[in-house]
Amino acid sequence: MPAAEAQDNKITVRVKTVPGLTDARPLSGPVRLVLETSDSSGNPVDVERLNIRLRAPRSHWFFSTDFPLVEGRLLSEMIVPVSRGRVEWEYLFPIRGVYRLEVESVDDGGPQITEALELRIKESRIKLLLLAAFILALFLFGFTAGRFFTSPRPQPSLKMTMGIFVLLTVSTLTSTIGEAALLESGGLVARMQVEPATVGRPSRIDWSVVDVKSGEPVASRLSLTITHLEKGTPIFSLEEMLTEGNFSLSFQFTDGARHQVTSVAAIAGEALVVTEETISVQAVEPPLRTVLPSIGFFIAVIAFGLVVGRISRQRLGARGWTFPLP
């Protein structure tokens with residue numbers, strides 16, 4: 001199980017993943033992240049709280065991912081307590097590339113930690129295979145069209161052929177607001193508020209549980225899950241995290257679909273307090289500049305196949321061969 005490591009003042013920050021990063025793929029399933037803090041001897045170091053931020057991979061200069069509005073953006077940010085030197089949560093990585101996990105301590109007078117770790121998620125093998133098959137199909141389409149619409153004449157010069165190819169290539173390149181959920185259980189009231197969710201920017205999720213009589217937050221263990229309803233897949237989850245009765249999370253929904261945020265609070269001597277909030281994420285069309293390079297590349301593949309088809313047809317015609325096309 002691979003780990004990314006960094007050191008600051010003899011405190012080592014390590015993040016492990018299950019499954020390992022070599023086996024993790026975008027949208028293939030949630031990945032459990034285990035963040036550990038330890039000293040030079042490997043013993044756990046208790047840091048009161050950590051501010052954890054996850055940033056998406058930066059955009060590629062040519063090929064974009066399926067979610068160009070997510071590239072290089074903040075995906076999540078939360079301040080969580082550390083128990084026995086570790087923090088655990090699950091996350092469904094949406095795109096391929098190198099993610100940046102930023103970790104900062106927020107303790108007064110405690111150990112100071114400021115680290116940035118990298119997590120590399122590879123593209124799905126099936127997706128790469130489909131892309132290769134699609135490119136081959138485009139080339140064969142251009143090749144067939146080039147032979148079909150070309151009469152067997154003497155082969156044109158190489159300069160003219162390349163000029164046609166370059167010309168074809170260059171010409172181608174030229175919210176719904178989540179309402180606050182309120183649930184009362186005995187003498188406790190649980191509240192959850194979700195900001196309007198739009199693809200491309202984080203939304204804030206605020207949760208709290210208070211005593212009805214005193215109005216004060218009640219310490220509890222919180223389990224929080226965000227589920228993509230159409231796919232039925234959890235995309236984020238925290239399990240039994242110790243809180244002082246409130247918790248905030250900045251989270252970016254990467255898909256314009258309906259999601260459900262579910263919280264379960266376990267309080268000593270009380271029944272479980274469950275809250276659920278269903279939200280509709282507003283989709284946003286990606287800017288044209290993110291899709292033009294890909295479209296241009298695909299059309300260039302067709303143009304290249306067209307040129308190769310024309311050349312092969314003319315060469316066969318010059319030698320007296322025929323091609324059985326109507």
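Predicted model: local features only at pLDDT ≥ 70, side-chain atom pairs only at ≥ 80, totals over all residues.
**Entry 1. Aromatic rings**

I looked up the ring pairs and found Y91, F93, Y99, F236, F251 and F253 linked into a cluster. I counted rings of Phe, Tyr and Trp (for Trp the six-membered ring) as paired if their centres lie within 6.5 Å, with planes under 30 degrees apart taken as stacked, over 60 as edge-to-face and the rest as tilted. Residues are numbered from 1 along each chain as its sequence is written, and side-chain values use heavy atoms, with hydrogens and water left out.

The count under the ring rule is five aromatic pairs. I noted Y91 with F93 as edge-to-face, because the ring centres are 5.4 Å apart and the planes stand at 90°. Y91 also pairs with F251, again edge-to-face, at 6.2 Å centre to centre and 75° between the planes.

I then checked burial, where buried means under 20% relative accessible area, exposed over 50% and partly exposed in between (1.4 Å probe, protein chains only). Y91 is buried at 3%. F93 is buried at 1%, and F251 is buried with a relative accessibility of 1%.

**Entry 2. Whole chain**

I listed three helices and 16 strands for the chain. These are DSSP runs numbered from the N terminus, helices being H or I of at least four residues and strands E of at least two. The chain has 326 residues, and 44% of them are buried. I computed an accessible surface of about 17700 Å², with 57% of it belonging to carbon and sulfur atoms. The areas come from the Shrake-Rupley method with a 1.4 Å probe, and for residues only the protein chains shown count as cover.

**Entry 3. Nonpolar core**

Which residues have the most contacts inside the largest nonpolar core? I found L35, W89, F236 and F247, in a core of 60 residues. The core is a set of buried Ala, Val, Leu, Ile, Met, Phe, Trp, Tyr and Cys residues joined through side-chain atoms within 4.5 Å.

**Entry 4. Salt bridges**

I searched the whole structure and got 13 salt bridges. The criterion is a side-chain nitrogen of Lys or Arg within 4 Å of a carboxyl oxygen of Asp or Glu.

I looked at E36 and R14, whose side chains meet in a salt bridge at 4.0 Å, N to O. E36 is in strand β3 (residues 31-38) and R14 in strand β2 (residues 11-18), so this pair ties together parts 22 residues apart in sequence. E36 is buried, with a relative accessible area of 17%.

E88 and R32 form a salt bridge at 2.9 Å, N to O. The pair links distant parts of the chain, with E88 in strand β6 (residues 86-91) and R32 in strand β3, 56 residues apart. I noted E88 as partly exposed, at 31% relative accessibility.

R53 and E77 form a salt bridge, with their closest N and O atoms 3.7 Å apart. R53 lies in strand β4 (residues 49-55) and E77 in strand β5 (residues 74-81), so the pair ties together parts that are 24 residues apart in sequence. R53 is buried at 12%, whereas E77 is partly exposed at 25%.

I also traced salt bridges that share partners: R14, K16, R32, E36, R86, E88, E90 and E239 are joined into one network.

**Entry 5. Backbone**

Where does the chain place P19? I located P19 in the loop between β2 and β3. The peptide bond from V18 to P19 is cis, with omega near 0°.

L27 is found in the loop between β2 and β3. I recorded a positive phi of about 60° for L27, although L27 is not a glycine. L27 is partly exposed, with a relative accessible area of 38%.

E240 is another residue other than glycine with a positive phi, near 50°. I placed E240 in strand β13 (residues 233-243). E240 is exposed, at a relative accessible area of 55%.
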